[in-house]
Amino acid sequence: SPSVSSTFSTTEPRLRSALGRLEAEGRIPVVSEVDLFLRLCPAVTIGVTGTKGKTTTSALIAAILERSDRPVVLGGNIGSPLVERLPGLRPQHRVVIELSELQLPTLSRGTDVAVYTHVTSDHLDRHGSVERYRAVKQRLAGLVDDHGALVLNAEDAVSSGYGRLAPASTTVIRYRRSPPPAGGVGVRDGWIVDEQQRIMPVDESPLPGAHNVSNVLAAIAASSYLGVPADAIRAAVAAFRGVEHRLEYVAEIDGVRFINDSMGTQPDAVIAALRSYPAPLILIAGGRAKELAIDQLATVVAQRAAAAILMGESGPQLERSFRAAGLARAELAGSLEAAVERAHALSERLLRQGAPRPATVLLSPAAASFDMFTDYAARGDEFKRAVASLAARTPERSKA
């Protein structure tokens with residue numbers, strides 16, 4: 001498991017010490033599951049990483065590639081151990097691998113195509129500094145296949161610079177939400193385009209938010225490089241409905257829309273989520289703090305949200321920060337179910353006062369889940385259960 005490391009406090013102390021001694025001797029004591037897979041995989045591999053957006057981008061690339069005539073496998077950090085799939089893989093397969101900052105340090109080789117969303121900061125509890133975290137993230141670019149491709153976000157100053165790490169024979173493709181750079185993918189006159197053709201109108205993508213336009217561009221850049229025709233790309237993107245726990249539509253009750261963004265554990269992700277929906281909006285946030293700066297998040301919350309319902313260990317800190325930034329209403333809740341109930345009540349009040357429909361209740365925690373739940377998925381599932389319970393009590397006025 002990539003979570004076993006001589007530097008992580010979560011590793012058992014005696015094992016951590018033994019690993020440290022081996023590393024000090026210049027030996028590599030651990031081979032990770034994903035590295036073993038890459039050593040043995042006979043198929044074309046597409047690795048996707050970044051601070052946020054990698055799950056959506058990985059799933060979308062797989063959905064697009066499924067429109068071609070070759071079998072596709074999706075796994076890695078997205079939840080399925082790929083090493084178990086090795087016996088059934090053949091050279092005609094294409095394998096999309098989501099790669100986290102835990103998995104990247106253990107790699108001895110890269111993928112045929114490496115895709116970056118954007119790189120900011122996260123997981124400083126494991127890496128100690130932004131610089132060390134970013135050094136880990138750039139590893140995929142440095143290991144990309146000599147005759148493969150590196151797909152980079154031209155609007156992200158950090159990951160865009162990773163082009164210098166790729167071998168000279170590697171194809172570097174950049175994307176941005178403006179006219180495309182040379183050899184890249186971009187947006188012109190409302191269409192996603194490359195240098196040769198228009199691929200699809202931006203507004204045909206069902207994914208909310210400007211950040212998801214970037215994710216779509218990344219997926220299109222990788223898929224085009226692998227030879228998927230424009231009409232197949234367009235059809236796949238239009239049919240894609242996102243991934244669970246990432247801006248996932250849950251239900252609408254009494255004119256109040258509920259969105260599950262339990263994967264929004266980092267301030268940049270929550271900011272993107274807040275900017276994806278119009279007012280009125282109620283934010284539910286809080287959990288175990290990740291020791292990341294929240295000043296910008298607090299400013300955006302004050303600008304975009306009518307109120308915030310806060311929970312978990314970081315709830316009091318978030319309440320103070322959001323109020324200091326100018327948010328008029330911030331309240332604490334003892335449970336996620338209580339937060340859903342209170343957010344619904346506040347949303348109904350706003351609608352009665354004439355706010356436009358629908359109001360949005362957004363679970364986007366800006367924190368890890370481990371103080372209250374086993375993981376982000378358990379938190380998202382609990383949110384959906386709470387919404388379902390609320391809907392069951394008002395069936396004549398609710399719609400799924």
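**Note on two helix pairs**

1. Helices H3 and H9 are oblique to each other, and this holds for a predicted model. The reason lies in their angle: the axes of H3, which spans residues 54–65, and of H9, which spans residues 230–239, cross at roughly 130°, and because an angle over 145 would be needed for roughly antiparallel, while roughly perpendicular covers 65 to 115, the pair falls into the remaining class, oblique.

2. The axes of H3 and H9 come within 8 Å, and the crossing of these two helices is right-handed.

3. As for the residues that meet in this pair, H3 contributes Leu60, Ala63 and Ile64, while H9 contributes Ile233, Ala236 and Val237. Sorted by class, the contact of H3 with H9 consists of six nonpolar residues, with no polar and no charged ones.

4. The second pair is formed by helix H10, residues 267–274, and helix H11, residues 295–304, whose axes come within 9 Å and cross at roughly 15°. H10 is therefore roughly parallel to H11, because angles under 35 degrees are counted in that class. The crossing in which H10 passes H11 is left-handed.

5. On the H10 side of this second contact stand Pro267, Val270, Ile271 and Leu274, and they meet Gln296, Leu297, Val300, Val301 and Arg304 on the H11 side. By class, the contact of H10 with H11 has seven nonpolar residues, together with one polar and one charged residue.

Conventions: Residues are numbered from 1 along each chain as its sequence is written. This is a predicted model: local features need pLDDT of at least 70, side-chain atom pairs count only at pLDDT 80 or more; totals for chains, interfaces and linings use all residues. Side-chain values use heavy atoms; hydrogens and water are left out. Axes are lines fitted to C-alpha atoms, for helices over the stretch in contact, and angles run from 0 to 180 degrees between N-to-C directions. Helices (H or I, at least four residues) and strands (E, at least two) are DSSP runs, numbered from the N terminus. A crossing is left-handed if the near helix is turned anticlockwise from the far one by less than a right angle, and right-handed if clockwise. Contact means heavy atoms within 4.5 Å. Ala, Val, Leu, Ile, Met, Phe, Trp, Tyr, Cys and Pro count as nonpolar, Asp, Glu, Lys and Arg as charged, and the others, Gly among them, as polar.
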